Amino acid sequence: MGDTEPLVRWDWIGRNWPGIQQLLTDHIVMALVPVVLGLVIALPLGLASARWRVLYQPTVGLMNVVYSLPSLAVFIVLIPITGLAERTTVIIPLTFYSLAVLIPAVVDGLGAVPDSVRQSAVAMGFGPMRRLLQVDLPIAVPVVLAGLRVATVSSISLVSVGALIGRGGLGYLFIDGWQRQFYTPIVVGIVLVVALAVLADGLIVLAQRLLTPWARARRTA
(Lines give C-alpha, C1' and ligand atoms only; values in the text may rest on other atoms or scores of the structure.)
Protein backbone atom coordinates (compact mmCIF):
# COMPACT_ATOMS: atom_id res chain seq x y z
CA MET A 1 0.00 0.00 0.00
CA GLY A 2 1.52 3.31 -1.06
CA ASP A 3 2.19 6.28 1.18
CA THR A 4 -0.68 8.21 -0.41
CA GLU A 5 -3.24 5.45 0.20
CA PRO A 6 -6.19 7.00 2.11
CA LEU A 7 -7.42 5.46 5.33
CA VAL A 8 -10.89 4.97 3.81
CA ARG A 9 -11.55 4.18 0.16
CA TRP A 10 -15.13 5.28 -0.42
CA ASP A 11 -15.19 3.70 -3.88
CA TRP A 12 -14.39 0.30 -2.30
CA ILE A 13 -17.29 0.75 0.15
CA GLY A 14 -19.67 1.55 -2.71
CA ARG A 15 -18.60 -1.48 -4.75
CA ASN A 16 -18.80 -3.87 -1.81
CA TRP A 17 -21.85 -2.45 -0.01
CA PRO A 18 -24.18 -5.43 -0.79
CA GLY A 19 -21.62 -7.78 0.79
CA ILE A 20 -21.18 -5.46 3.77
CA GLN A 21 -24.96 -5.42 4.29
CA GLN A 22 -25.02 -9.22 4.28
CA LEU A 23 -22.23 -9.33 6.88
CA LEU A 24 -24.09 -6.73 8.95
CA THR A 25 -27.31 -8.77 8.89
CA ASP A 26 -25.41 -11.92 9.87
CA HIS A 27 -23.72 -10.04 12.70
CA ILE A 28 -27.02 -8.71 14.06
CA VAL A 29 -28.60 -12.18 14.07
CA MET A 30 -25.63 -13.84 15.80
CA ALA A 31 -25.41 -11.03 18.36
CA LEU A 32 -29.07 -10.69 19.30
CA VAL A 33 -30.21 -14.34 19.26
CA PRO A 34 -27.89 -15.27 22.19
CA VAL A 35 -29.13 -12.28 24.20
CA VAL A 36 -32.78 -13.17 23.62
CA LEU A 37 -32.16 -16.84 24.45
CA GLY A 38 -30.14 -15.79 27.50
CA LEU A 39 -32.95 -13.57 28.77
CA VAL A 40 -35.57 -16.29 28.25
CA ILE A 41 -33.43 -18.78 30.21
CA ALA A 42 -32.19 -16.30 32.83
CA LEU A 43 -35.67 -15.20 33.95
CA PRO A 44 -36.82 -18.60 35.30
CA LEU A 45 -33.33 -19.46 36.60
CA GLY A 46 -33.09 -16.07 38.28
CA LEU A 47 -36.55 -16.44 39.80
CA ALA A 48 -35.63 -19.89 41.12
CA SER A 49 -32.31 -18.62 42.50
CA ALA A 50 -34.02 -15.67 44.19
CA ARG A 51 -36.62 -17.95 45.77
CA TRP A 52 -34.21 -20.73 46.75
CA ARG A 53 -30.92 -18.99 47.50
CA VAL A 54 -29.11 -22.32 47.76
CA LEU A 55 -29.28 -22.48 43.95
CA TYR A 56 -27.74 -19.05 43.41
CA GLN A 57 -24.05 -19.65 44.16
CA PRO A 58 -23.72 -22.93 42.19
CA THR A 59 -25.57 -21.43 39.20
CA VAL A 60 -23.58 -18.20 39.13
CA GLY A 61 -20.35 -20.08 39.83
CA LEU A 62 -20.92 -22.33 36.82
CA MET A 63 -21.77 -19.36 34.60
CA ASN A 64 -18.64 -17.51 35.76
CA VAL A 65 -16.50 -20.51 34.87
CA VAL A 66 -18.05 -20.55 31.40
CA TYR A 67 -17.61 -16.76 31.08
CA SER A 68 -13.91 -17.07 31.89
CA LEU A 69 -13.33 -19.46 28.97
CA PRO A 70 -11.79 -17.81 25.87
CA SER A 71 -14.50 -17.52 23.23
CA LEU A 72 -12.23 -18.76 20.43
CA ALA A 73 -11.38 -21.90 22.41
CA VAL A 74 -15.08 -22.64 22.94
CA PHE A 75 -15.79 -22.08 19.24
CA ILE A 76 -13.07 -24.59 18.32
CA VAL A 77 -14.39 -27.19 20.78
CA LEU A 78 -17.89 -26.88 19.28
CA ILE A 79 -16.77 -27.21 15.64
CA PRO A 80 -16.90 -31.06 15.60
CA ILE A 81 -20.43 -30.89 17.06
CA THR A 82 -22.08 -27.93 15.36
CA GLY A 83 -19.86 -27.52 12.32
CA LEU A 84 -17.35 -25.04 10.94
CA ALA A 85 -18.58 -21.61 9.84
CA GLU A 86 -22.05 -22.24 11.32
CA ARG A 87 -24.09 -19.67 13.22
CA THR A 88 -24.85 -22.21 15.94
CA THR A 89 -21.15 -22.53 16.75
CA VAL A 90 -21.08 -18.83 17.62
CA ILE A 91 -24.55 -18.53 19.16
CA ILE A 92 -24.19 -21.28 21.78
CA PRO A 93 -21.15 -19.82 23.63
CA LEU A 94 -22.52 -16.28 23.42
CA THR A 95 -25.77 -17.50 25.01
CA PHE A 96 -23.83 -18.81 28.00
CA TYR A 97 -21.87 -15.55 28.23
CA SER A 98 -25.18 -13.67 28.29
CA LEU A 99 -26.47 -15.95 31.04
CA ALA A 100 -23.43 -15.15 33.17
CA VAL A 101 -24.49 -11.49 33.13
CA LEU A 102 -28.27 -11.82 33.12
CA ILE A 103 -28.83 -14.34 35.93
CA PRO A 104 -27.18 -12.12 38.60
CA ALA A 105 -29.06 -9.13 37.17
CA VAL A 106 -32.42 -10.90 37.59
CA VAL A 107 -31.57 -12.03 41.13
CA ASP A 108 -30.29 -8.58 42.13
CA GLY A 109 -33.34 -6.93 40.58
CA LEU A 110 -35.74 -9.13 42.51
CA GLY A 111 -33.67 -8.62 45.65
CA ALA A 112 -34.13 -4.86 45.27
CA VAL A 113 -37.88 -5.15 45.90
CA PRO A 114 -38.49 -3.86 49.45
CA ASP A 115 -40.09 -6.29 51.87
CA SER A 116 -42.63 -3.62 52.80
CA VAL A 117 -43.82 -3.51 49.17
CA ARG A 118 -44.20 -7.27 49.06
CA GLN A 119 -46.09 -7.27 52.35
CA SER A 120 -48.40 -4.53 51.09
CA ALA A 121 -49.12 -6.54 47.95
CA VAL A 122 -49.98 -9.61 50.03
CA ALA A 123 -52.20 -7.51 52.29
CA MET A 124 -54.05 -6.29 49.20
CA GLY A 125 -54.81 -9.88 48.23
CA PHE A 126 -52.15 -10.38 45.54
CA GLY A 127 -51.36 -14.04 44.92
CA PRO A 128 -47.77 -15.17 44.18
CA MET A 129 -48.10 -14.95 40.38
CA ARG A 130 -49.94 -11.63 40.40
CA ARG A 131 -47.43 -10.16 42.83
CA LEU A 132 -44.56 -11.37 40.65
CA LEU A 133 -46.02 -9.89 37.45
CA GLN A 134 -47.41 -6.66 38.84
CA VAL A 135 -45.01 -5.85 41.69
CA ASP A 136 -41.70 -7.73 41.71
CA LEU A 137 -40.81 -7.75 38.02
CA PRO A 138 -41.72 -4.09 37.33
CA ILE A 139 -39.53 -2.96 40.24
CA ALA A 140 -36.72 -5.28 39.06
CA VAL A 141 -36.84 -3.93 35.47
CA PRO A 142 -34.11 -1.25 35.81
CA VAL A 143 -31.57 -3.71 37.24
CA VAL A 144 -32.44 -6.45 34.74
CA LEU A 145 -32.21 -4.06 31.79
CA ALA A 146 -28.87 -2.77 33.07
CA GLY A 147 -27.60 -6.34 32.83
CA LEU A 148 -29.24 -6.70 29.43
CA ARG A 149 -27.33 -3.64 28.19
CA VAL A 150 -24.02 -5.20 29.24
CA ALA A 151 -24.90 -8.57 27.72
CA THR A 152 -26.02 -7.03 24.43
CA VAL A 153 -22.98 -4.83 23.91
CA SER A 154 -20.66 -7.72 24.85
CA SER A 155 -22.40 -10.05 22.43
CA ILE A 156 -22.14 -7.54 19.57
CA SER A 157 -18.42 -7.27 20.22
CA LEU A 158 -17.70 -11.00 20.66
CA VAL A 159 -19.41 -12.06 17.43
CA SER A 160 -16.41 -10.68 15.54
CA VAL A 161 -14.18 -13.38 17.06
CA GLY A 162 -16.19 -15.94 15.10
CA ALA A 163 -14.49 -14.68 11.93
CA LEU A 164 -11.52 -16.84 12.93
CA ILE A 165 -13.67 -19.94 12.38
CA GLY A 166 -15.34 -18.60 9.26
CA ARG A 167 -18.51 -17.08 10.76
CA GLY A 168 -18.03 -13.75 12.46
CA GLY A 169 -20.26 -11.27 10.68
CA LEU A 170 -18.45 -7.95 10.46
CA GLY A 171 -15.36 -9.61 11.92
CA TYR A 172 -14.65 -10.88 8.41
CA LEU A 173 -13.80 -7.29 7.46
CA PHE A 174 -11.09 -7.21 10.13
CA ILE A 175 -9.51 -10.44 8.86
CA ASP A 176 -9.76 -9.38 5.23
CA GLY A 177 -8.28 -5.94 5.86
CA TRP A 178 -5.43 -7.26 7.98
CA GLN A 179 -4.47 -9.99 5.52
CA ARG A 180 -4.32 -7.51 2.64
CA GLN A 181 -2.92 -4.64 4.72
CA PHE A 182 -5.89 -2.66 3.42
CA TYR A 183 -7.46 -0.61 6.19
CA THR A 184 -10.78 0.42 4.67
CA PRO A 185 -12.55 -2.87 5.61
CA ILE A 186 -11.15 -2.60 9.14
CA VAL A 187 -12.43 0.95 9.56
CA VAL A 188 -15.84 0.02 8.13
CA GLY A 189 -16.08 -2.96 10.49
CA ILE A 190 -15.15 -0.91 13.55
CA VAL A 191 -17.61 1.87 12.71
CA LEU A 192 -20.49 -0.56 12.11
CA VAL A 193 -19.81 -2.61 15.28
CA VAL A 194 -19.67 0.55 17.39
CA ALA A 195 -22.82 1.90 15.71
CA LEU A 196 -24.65 -1.38 16.40
CA ALA A 197 -23.60 -1.32 20.06
CA VAL A 198 -24.68 2.31 20.51
CA LEU A 199 -28.00 1.72 18.74
CA ALA A 200 -28.79 -1.44 20.74
CA ASP A 201 -27.88 0.27 24.01
CA GLY A 202 -30.07 3.26 23.13
CA LEU A 203 -33.03 1.04 22.30
CA ILE A 204 -32.74 -0.76 25.64
CA VAL A 205 -32.57 2.59 27.48
CA LEU A 206 -35.70 3.67 25.59
CA ALA A 207 -37.44 0.41 26.52
CA GLN A 208 -36.55 1.00 30.17
CA ARG A 209 -38.13 4.46 30.08
CA LEU A 210 -41.29 3.05 28.51
CA LEU A 211 -41.48 0.19 31.02
CA THR A 212 -40.84 2.38 34.07
CA PRO A 213 -43.01 5.50 33.62
CA TRP A 214 -43.08 6.04 37.39
CA ALA A 215 -39.32 6.66 37.33
CA ARG A 216 -39.79 9.51 34.83
CA ALA A 217 -42.61 10.95 36.93
CA ARG A 218 -40.42 10.81 40.05
CA ARG A 219 -37.53 12.56 38.28
CA THR A 220 -39.89 15.22 36.96
CA ALA A 221 -41.33 15.79 40.42
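Trainee: Is Arg 9 buried, exposed or partly exposed?

Mentor: One reads this from the relative accessible area, where under 20% is buried, over 50% is exposed, and anything in between is partly exposed. The model here is predicted. In it, Arg 9 has a relative accessibility of 27%, so Arg 9 counts as partly exposed.

Trainee: With which residue does the side chain of Arg 9 meet in a salt bridge?

Mentor: The general idea is that side chains of opposite charge can pair when their charged atoms come close. The partner of Arg 9 is Asp 11, with 3.0 Å from N to O. Asp 11 has a relative accessible area of 36% and is therefore partly exposed.

Trainee: How many salt bridges does the structure hold?

Mentor: The structure holds 9 salt bridges. One of them joins Asp 201 and Arg 149, whose closest N and O atoms lie 2.7 Å apart. Because Asp 201 belongs to helix α8 and Arg 149 to helix α6 (residues 128-158), this pair ties together parts that are 52 residues apart in sequence. Arg 149 is partly exposed, at 30% relative accessibility.

Trainee: Which residues do salt bridges with shared partners join into one network?

Mentor: That network consists of Asp 115, Arg 118, Arg 131 and Asp 136. Within it, the closest N and O atoms of Asp 136 and Arg 131 are 3.6 Å apart. Asp 136 is buried, at 5% relative accessibility, whereas Arg 131 is partly exposed at 23%.

Trainee: How many helices and strands does the protein have?

Mentor: The protein has 9 helices and 0 strands. Its C-alpha trace spans about 75 × 45 × 25 Å along the principal axes. Of its 221 residues, 39% count as buried. Among contacts between residues at least 6 apart in sequence, 75% join residues at least 24 apart.

Trainee: Where is Ser 98 placed, and which residues is it in contact with beyond its neighbours in sequence?

Mentor: To read such a residue, one asks for its element, its accessibility and its contacts. Ser 98 is in helix α4 (residues 87-111). With 2% relative accessibility, Ser 98 counts as buried. Leaving aside neighbours within four places in sequence, the contacts of Ser 98 are Pro 34, Val 35, Gly 38 and Ala 151.

Trainee: Is Pro 70 buried or exposed?

Mentor: Pro 70 is exposed, since its relative accessible area is 52%. Pro 70 sits in the loop between α2 (56-68) and α3 (71-82). Pro 70 and Leu 23 are 47 residues apart in sequence, and their C-alpha atoms are 23 Å apart in space.

Trainee: Which residues of helix α7 are buried?

Mentor: In helix α7 (residues 171-180), the buried residues are Gly 171, Leu 173, Asp 176 and Gly 177. Their cover includes α1 and α8 (183-211). Just after α7, Gln 181 has a positive phi of about 50 degrees.

Trainee: Which residues make the nonpolar surface patch?

Mentor: Val 33, Val 36, Leu 37, Val 40, Ile 41 and Leu 45 make a nonpolar patch of about 460 Å². Val 36 is in helix α1 (residues 10-51).

Conventions. Residues numbered from 1 in each chain as written. Predicted model: local features only at pLDDT ≥ 70, side-chain atom pairs only at ≥ 80, totals over all residues. Heavy atoms only, no water. Helix = DSSP H or I, 4+ residues; strand = E, 2+ residues; numbered from the N terminus. Buried < 20%, exposed > 50% of the residue type's maximum accessible area, 1.4 Å probe, protein only. Contact = heavy atoms within 4.5 Å. Patch = residues over 30% accessible without salt bridge, like charges linked within 9 Å, V, L, I, M, F, W, Y side chains within 5 Å. Areas by Shrake-Rupley, 256 points an atom, 1.4 Å probe, with all protein chains shown as cover. Salt bridge = Lys/Arg side-chain N within 4 Å of Asp/Glu carboxyl O.
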